[in-house]
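Hi,

Here is the structure I promised to pass on to you. Please open it alongside this email, and I will walk you through what turned up.

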Amino acid sequence: MFRSNNMHEIRLKQNAGACDATLDPADWDAFRAQGHRMLDDILGYVEHIRARPVWQPIPGAVRASFRDALPLAPTDLSAVHAEFLEKILPYSSGNAHPGFMGWVHGGGNMAGMLAEMLAAGLNANLGGRDHAPIEVERQIVQWMRELFGFPAGASGLFVTGTSMANLVAVLVARDKALGFDVRRSGVAASAKRLTAYTSTAAHGSLRRALDFCGLGSDALRLVSVDAQHRINLAALRRMVESDRRAGYLPFLIAGTAGTVDTGAIDDLDGLAVIASEQHIWLHIDGAYGALGILSPKIAPRLAGIEAADSLAFDFHKWGQVPYDAGFVMVRDGELHRKAFASPAAYLERDTRGLAAGSPWPCDFGPDLSRGFRALKTWFTLKVYGLQALGEAIERTCELAQYLEKRVLAANELQLLAPVSLNIACFRFRCADADRVNARIVVDLQESGIAAPSTTRINGDLAIRAAITNHRTGASDIDALVDATLDIGRKITAAAEDRELEAAYHD
Ligand SMILES: Cc1ncc(COP(=O)(O)O)c(C=O)c1O
């Protein structure tokens, strides 16, 4: 390493100077005080979140204010923060609130939030180069190898979410099947007709991944599910064999650990056997369910996940890490690298200096500039520990079972699918049930009491409660059920009144 007195003097002179035109605060003390107020405000928001509505519609005037012109002149930080408190904070989706049960949204956590602030302060770019933030990401890759029983050569990468993680995995599988030359020649140059397989209950991001990687979404065969909404293994085998006979090249089976509609976990061991017999890449979409491995009660149901060629999941769902923190792992890290690495003069590697430490994360995915998602994940895993995170996951499943019990105990409610993990799908029994239940969900959301979403189970519109937030408790489930009954009764009574009135006028 090169050192000299000259260097010391140069540094002293450099430090004595300052740039007048910087964007940094002119008055650091005032800025620090304002920063502390902002931190206090957001901590207070989460501390007292129960006192707020889960969600509320954005008033017209507030929405219109987001059409303001480009800000040419500066505005005081405190004024911009006041605007945030008035116009943004009250009208966010509310997934930090324990009453939020829609889609699959994690609740976030306070240590992760502070880590996100630290990451923004460092402003690290994790595309590459030799710096400690990348070691943090590598440590999480190593922890995930251990957690999921992947070998030492497995690679891992933070991405936005499981939609992107699925795409990365499908691309690696495609390139392995067609040969890595496909990156240059394109899929059209190949005579091979690839087909992939997943269940009818799989997430739409898999279909989109086939589309994005040039194979077309028709290449994704949808296999039927059993009564538990798990992929039908016999039907899968039949489809693969029939496609082979028809001249296709089956290259990918995508199992799901926690389906988006009902939380079903495919028989991953069974899928691993078929994939190995048929020499097909096995991908597991474990968007939220994979982290069930942290719970000793759920982990046995994920048996077979360790045999996957690739695994996609989100820390921002059951892992409670603030958005966004998706993750993809590939059993054979070299295949993963070959699918993405791309030499460029300006990304030349070295053995010393900042350009050391190859391979870099940019060699494993589409992004060159990458944020420090690993830090909020690292803080979350370290501060709470895996046991507490696993217990939080288990509690959400117990709450879904409690919801199932309450639904089964109420004559006016109907359970539409078995509760497998943390998701319960049910509805209010009535005439015109699809329309009424869709209305119940909107009314529930607007009431500010609970925010479930909807889905369709065997064609029927369902009220879908996915309990993902570590803050949710039994009182939130009671509030959801009681408010559903109340709203359902009011809607059906009003409809009956209207019918009576119409009959009277006839
Ligand atoms: C099973 C499954 N796969 C994929 C996704 C997509 O994940 P993301 O929203 O993080 O892209 C979801 C989202 O809920 C999901 O439940």
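The largest pocket has a volume of about 780 Å³. A pocket here is an open set of points on a 1 Å grid over the protein atoms alone, where a 1.4 Å probe fits and protein lies on both sides within 12 Å along at least five of seven lines; lining residues have an atom within 4 Å of a point. Grid points are joined across faces, edges and corners, and the volume is the space filled by probe spheres set on them. Of the 29 lining residues, I42, Y45, V46, M113 and P322 are the closest to the centre of this pocket. Helix 2 (28-47), helix 4 (77-88) and helix 5 (110-122) each give two or more residues to the lining, and helix 2 has the largest share, with 7 residues. Helices are DSSP runs of H or I with at least four residues, strands are runs of E with at least two, and both are numbered from the N terminus.

Before you go further, please note that this is a predicted model: local features need pLDDT of at least 70, side-chain atom pairs count only at pLDDT 80 or more, and totals for chains, interfaces and linings use all residues. Residues are numbered from 1 along each chain as its sequence is written, and side-chain values use heavy atoms, with hydrogens and water left out.

The second largest pocket holds about 310 Å³ of space. Among its 21 lining residues, T162, H203, A287, D314 and K317 are the closest to the centre. Helix 7 (residues 162-178) gives the largest share of this lining, 3 residues.

Now for helix 10 (residues 233-245). Which of its residues are buried (under 20% relative accessible area, 1.4 Å probe, protein chains only)? They are A235, L236, V240 and D243. These residues are on the same side of helix 10 because they cover an arc of only 135 degrees around the axis, taken from the directions from the axis to the C-beta atoms. The face turned away from that side carries R238 and R245, which are exposed (over 50%). The cover over the buried residues includes strand 2 (194-199), strand 3 (220-223), strand 4 (249-256) and helix 11 (268-278).

Finally, find L222 in strand 3. Leaving out residues up to four places away in sequence, L222 touches T198, S199, T200 and M239 (heavy atoms within 4.5 Å). The C-alpha atoms of L222 and T198 are 5.4 Å apart, although 24 residues separate them along the chain.

Enjoy exploring!
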